[in-house]
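The sequence and the coordinates are shown below.

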Amino acid sequence: METSEPRQFVAEILCPEITELLDQRLESEARDALSELLPPELADVLAGLDESHRLSAFRLLPGEMEAEVFPHLPEDLRLELMGELPRKRLAEILEIGRAHV
């Protein structure tokens, strides 16, 4: 997946901020910052986080937003999340995603 320059810039700016918010356990503030992004931008930010922060950030998203961002993630990150998320939650995300197609 090729990242456009403006989206890459957004990810470079937000990744350290999201990491800091998660490290400080400011989940509400992290959720608010992530929720303002479009799915492709959010996918870039999630891809720019380290593995532990990526999963934490993804889990903060409302269910519908998880489903919207999921297809925008690089395949390796989708596979990573599929291995980490509970099966029931993953099924819900995929079902919501299918409803939006």
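Contact here means heavy atoms within 4.5 Å. The model is a predicted one.

## Leu34 and its surroundings

Under that criterion, and not counting residues up to four places away in sequence, Leu34 touches Ile18, Leu42, Val45, Ala57, Leu61 and Met65. Leu34 is part of helix H2. Because its relative accessibility is 0%, and the limit for buried is under 20%, Leu34 counts as buried.

## The nonpolar core

The largest nonpolar core comprises 30 residues, and Leu46 and Phe58 are those with the most contacts inside it. At least two residues of this core are supplied by each of the helices H1 (5-23), H2 (27-35), H3 (39-48), H4 (51-60), H5 (63-69), H6 (75-84) and H7 (87-99). H1 provides the largest share, six residues.

When residues up to four places away in sequence are not counted, the contacts of Leu46 are with Arg54, Ala57, Phe58, Leu61, Val69 and Leu73. Leu46 is also among the buried residues of H3, together with Pro39, Glu41, Leu42, Ala43, Asp44 and Val45. With seven of its 10 residues buried, H3 is mostly covered.

## Packing of H4 against H6

How far apart are the axes of H4 and H6, and at what angle do the two helices pack? The axes are 11 Å apart, and the angle is about 75°. The range for roughly perpendicular is 65 to 115 degrees, and H4 is therefore roughly perpendicular to H6. On the H4 side the contact is made by Glu51, Arg54, Leu55, Phe58 and Arg59, and on the H6 side by Leu77, Glu80, Leu81 and Glu84. Classified by residue type, the contact of H4 with H6 contains four nonpolar, five charged and no polar residues.

Leu81, found in helix H6, has a relative accessible area of 2% and is therefore buried. Leaving aside neighbours within four places in sequence, Leu81 is in contact with Leu55, Phe58, Phe70 and Leu73. Between Leu81 and Glu51, which are 30 residues apart along the chain, the C-alpha separation is 9.5 Å.

His53 lies in helix H4. Is this residue buried or exposed? At 11% relative accessibility, His53 counts as buried.

The side chains of His53 and Asp23 are joined by a polar contact of 2.6 Å. Not counting residues up to four places away in sequence, His53 touches Thr19, Leu22 and Asp23.

## The loop between H1 and H2

Arg25 is located in the loop between H1 and H2. Its relative accessibility is 67%, over the 50% limit for exposed, so Arg25 counts as exposed.

Most residues other than glycine have a negative phi. Arg25, although not a glycine, has a positive phi of about 60°.

Notes
Residues numbered from 1 in each chain as written. Predicted model: local features only at pLDDT ≥ 70, side-chain atom pairs only at ≥ 80, totals over all residues. Heavy atoms only, no water. Core = buried A, V, L, I, M, F, W, Y, C linked by side-chain atoms within 4.5 Å. Buried < 20%, exposed > 50% of the residue type's maximum accessible area, 1.4 Å probe, protein only. Helix = DSSP H or I, 4+ residues; strand = E, 2+ residues; numbered from the N terminus. Polar contact = N/O pair within 3.5 Å; in protein donor to acceptor, adjacent residues only side chain to side chain. Axes fitted to C-alpha atoms, helices over the stretch in contact; angles between N-to-C directions. Parallel < 35°, antiparallel > 145°, perpendicular 65-115°, else oblique. Nonpolar A, V, L, I, M, F, W, Y, C, P; charged D, E, K, R; others polar.
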